[in-house]
Amino acid sequence: MPSPPRKPTTFLIQAFDLAAWPVVLFGEGNAVRYLNAAAEKALGVSRDELFDLAAKYHGLGQLPKALQLVSDLCPASNVWLGEVGTREITLVADETTDEVRWQGIFYPITDQPDTDAVALVRNVMVMLAPPERIPNSGALQPQEEIHATLQALRHEYRGRYAVSHLVGISTAMIRVRRLVDLASQSRVPVLVIGQPGTGREQVARTICYASNHGQAGPVISIQGELMDAEIMQTTIRAFVRRSLDEDETKHASLILLNAEKMDLGAQSELLHLLDLIDIDLRILSTSSESLLTLARRGQFREDLAFRISTLEIELPPLCDRPEDIPYLAQAIVEELNVPSDRQLQSISADAIDRLQQQEWPGNIDQLTEMLTTAHEVATGFTLAVTDFPVDVARTPAKKVDTKQAESIDLDAALEAYEREILIRTLKAAKGNKTQAANMLGISRARLHRRIEQWGLE
């Protein structure tokens, strides 16, 4: 007796199950409804772990592994509106595997309309294929290009504290990211300089957490303006005792916020403690201006300024880099998507124009506050001008003058920074080359080669 005929859906599922390339199906609410064996292998997780997970349109990391993986595959709003989409997708199955790049193809599965009305998209199928097997489908839409840039930045800083505050395509921010990398590879004291709201503390914490592959060890954060000599001594000594008790002295870090606001007593006590304590304490400080500049004006102890600001990283104000605003704004919106049911996926061109007209005295913090309010009231997939506060929405749109790209030889600039860091470290170590090499995280032989190369004897 012949077996009963199988449903067409059964054949389709079998075909997908046997497919060599990953296939994932998203249903309403961006929830995962199906994935094949190839997708399980590519993602490094089982179907049971991913089934029914709702993807967040978010490319900045900071999500649990399974949620981040499905968010990497999250369809954009234009796909849910009925358009076929493509974009490059980078996947990392776990911390020990290399990145794998795929070309993602997003197919909307629509109900056939009986009228001229737009078809209703109930599901989106995502198929991943090797990039060389899929012909170039042309340029991405602007919002998808920005989203892809943010994802690439996240993978570049994989395992770090956060990257949303390091976003930007300006030469100034490229330099900042290179210096953050440089600082993360050593134990030299770092001073992060910038106006309030530019993300000074976040950059300091990025360096702190990146220095030991995301495991920062004991960390203490103190506010300079709250410290006097007695509080400084009590706080630092208690932290050192805790670090010794936990046997975590190798990676202990002190984050000193608003260092320029410490009174003279606190400065003197900190310098004294740094000479006395018997642990390798990494110092990461923030300030509104260079401590060495303040020292030259007699407003800060020069010896402490040299001691805690071997490497200076200066964050540019937001008004000086309007070309970064589309990327920063998209990064903030995507970060707001994570705890929210609202999944905004882009910002309209008019809205970006208005943002680029603002002065932003509060820098990134002010931009974040404004976008948070707009995100709460937005009703569509795209953040529009009408979602902004009245004073921004009514700002006449005008053309932003595009800055001439600054020409810079990054390798030469970094060599100059490295030379300056070496000079400051030798001064902080009082000429002790072994101590200087330990502070820099390099061998004594390499230190000697650099000294000879740059004629610093």
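**Reading helix packing, strand pairing and a loop residue**

Author: In this predicted model, helix α9 (residues 229–245) and helix α10 (residues 264–276) have axes that come within 8 Å and cross at roughly 30°.

Reader: How are α9 and α10 oriented to each other?

Author: Angles under 35 degrees count as roughly parallel. The two axes cross at roughly 30°, and α9 and α10 are therefore roughly parallel to each other. Their crossing is right-handed.

Reader: Which residues make the contact?

Author: From α9 come A229, M232, Q233, I236 and R237, while α10 supplies G265, A266, E269, L270, L273 and L276. Sorted by class, this contact has seven nonpolar, two polar and two charged residues.

Reader: Over how many bridges does β4 pair with β5?

Author: Strand β4 (residues 100–110) and β5 pair over eight bridges, in the antiparallel sense. Here I109 stands opposite N123 in β5.

Reader: Where does D278 lie, and is D278 buried or exposed?

Author: D278 lies in the loop between α10 and β9 (282–287). A residue counts as exposed over 50% relative accessible area; D278, with a relative accessible area of 62%, is therefore exposed.

Reader: Which residues does D278 touch, leaving aside those up to four places away in sequence?

Author: D278 touches V240 and L244. D278 and L244 are 34 residues apart in sequence, and 9.4 Å apart in space from C-alpha to C-alpha.

Note on methods
Residues numbered from 1 in each chain as written. Predicted model: local features only at pLDDT ≥ 70, side-chain atom pairs only at ≥ 80, totals over all residues. Heavy atoms only, no water. Axes fitted to C-alpha atoms, helices over the stretch in contact; angles between N-to-C directions. Helix = DSSP H or I, 4+ residues; strand = E, 2+ residues; numbered from the N terminus. Parallel < 35°, antiparallel > 145°, perpendicular 65-115°, else oblique. Left-handed = near helix turned anticlockwise from the far one by under 90°. Contact = heavy atoms within 4.5 Å. Nonpolar A, V, L, I, M, F, W, Y, C, P; charged D, E, K, R; others polar. Pairing = 2+ DSSP bridges. Buried < 20%, exposed > 50% of the residue type's maximum accessible area, 1.4 Å probe, protein only.
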